Amino acid sequence: MTKLFALLVLAGAANAAMAADIVGNASAARNKIEMCIGCHGIPGYKATFPEVFQVPKIGGQNAKYIENALKGYQKGDRKHPSMKGIAVSLSDQDIADIAAFYAQQK
């Protein structure tokens, strides 16, 4: 039992260390943002699914905010079917890259 506990602690620490090593690469995001620009790249765009709403501009937004928002959609903490469908397809590296890309926009 002690060995199992030690193994779980070690696995958790390794996972946390891996997560801390993820650094966004804005250049790598260029191949990952196609699904974003269809809505977030159009000034004044309003989407109609699941209801009519103003799509937020994310260019120039803080990278950590974008990362947290995408992870919130992944977990279901944020409710939007289209964004959840996109977010669940992204790795942590994809999220960091996309956040870095949009954070450097004006």
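Me: Leaving aside its neighbours within four places in sequence, which residues is Phe 101 in contact with?
Reply: This is a predicted model, with residues numbered from 1 along each chain as its sequence is written. Local features need pLDDT of at least 70, side-chain atom pairs count only at pLDDT 80 or more, and totals for chains, interfaces and linings use all residues; side-chain values use heavy atoms, leaving out hydrogens and water. Contact means heavy atoms within 4.5 Å. With those neighbours set aside, the partners of Phe 101 are Ala 26, Ala 29, Arg 30 and Ile 33.

Me: Are Phe 101 and Tyr 102 buried or exposed?
Reply: Buried means under 20% relative accessible area, exposed over 50%, and partly exposed in between, with a 1.4 Å probe and protein chains only. Of the 106 residues of the protein, 27% count as buried. Phe 101 and Tyr 102 are both buried.

Me: What kind of pair do the rings of Phe 101 and Tyr 102 form?
Reply: Rings of Phe, Tyr and Trp (its six-membered ring) pair if their centres lie within 6.5 Å; planes under 30 degrees apart count as stacked, over 60 as edge-to-face and the rest as tilted. The centres of Phe 101 and Tyr 102 are 5.1 Å apart and the planes stand at 90°, so the pair is edge-to-face.

Me: In what order do the elements of the protein run?
Reply: Helices (H or I, at least four residues) and strands (E, at least two) are DSSP runs, numbered from the N terminus. The protein has five helices and two strands. From the N terminus on, the order is α-α-β-β-α-α-α.

Me: Which elements do the buried residues of H3 pack against?
Reply: In H3, the buried residues are Ile 66, Glu 67, Ala 69, Leu 70, Gly 72 and Tyr 73. They pack against H4 and H5.

Me: How far apart are the end C-alpha atoms of H3?
Reply: The expected span of a helix is 1.5 Å times one less than its number of residues. The 13 residues of H3 should therefore span 18 Å. The end C-alpha atoms agree with that, at a separation of 18 Å.

Me: Which backbone oxygen does the side chain of His 40 reach?
Reply: His 40 lies in helix H2 (residues 34-40) and counts as buried because its relative accessibility is 16%. A polar contact is a pair of N or O atoms within 3.5 Å; within protein, one must be able to donate a hydrogen and the other to accept it, and residues adjacent in sequence count only if both atoms are side-chain atoms. At 2.7 Å, the His 40 side chain reaches the backbone oxygen of Pro 56.

Me: Which residues does Lys 71 touch, not counting residues up to four places away in sequence?
Reply: Lys 71 lies in helix H3. At 27% relative accessibility, Lys 71 counts as partly exposed. Beyond those excluded places, Lys 71 touches Asp 92 and Ile 95.
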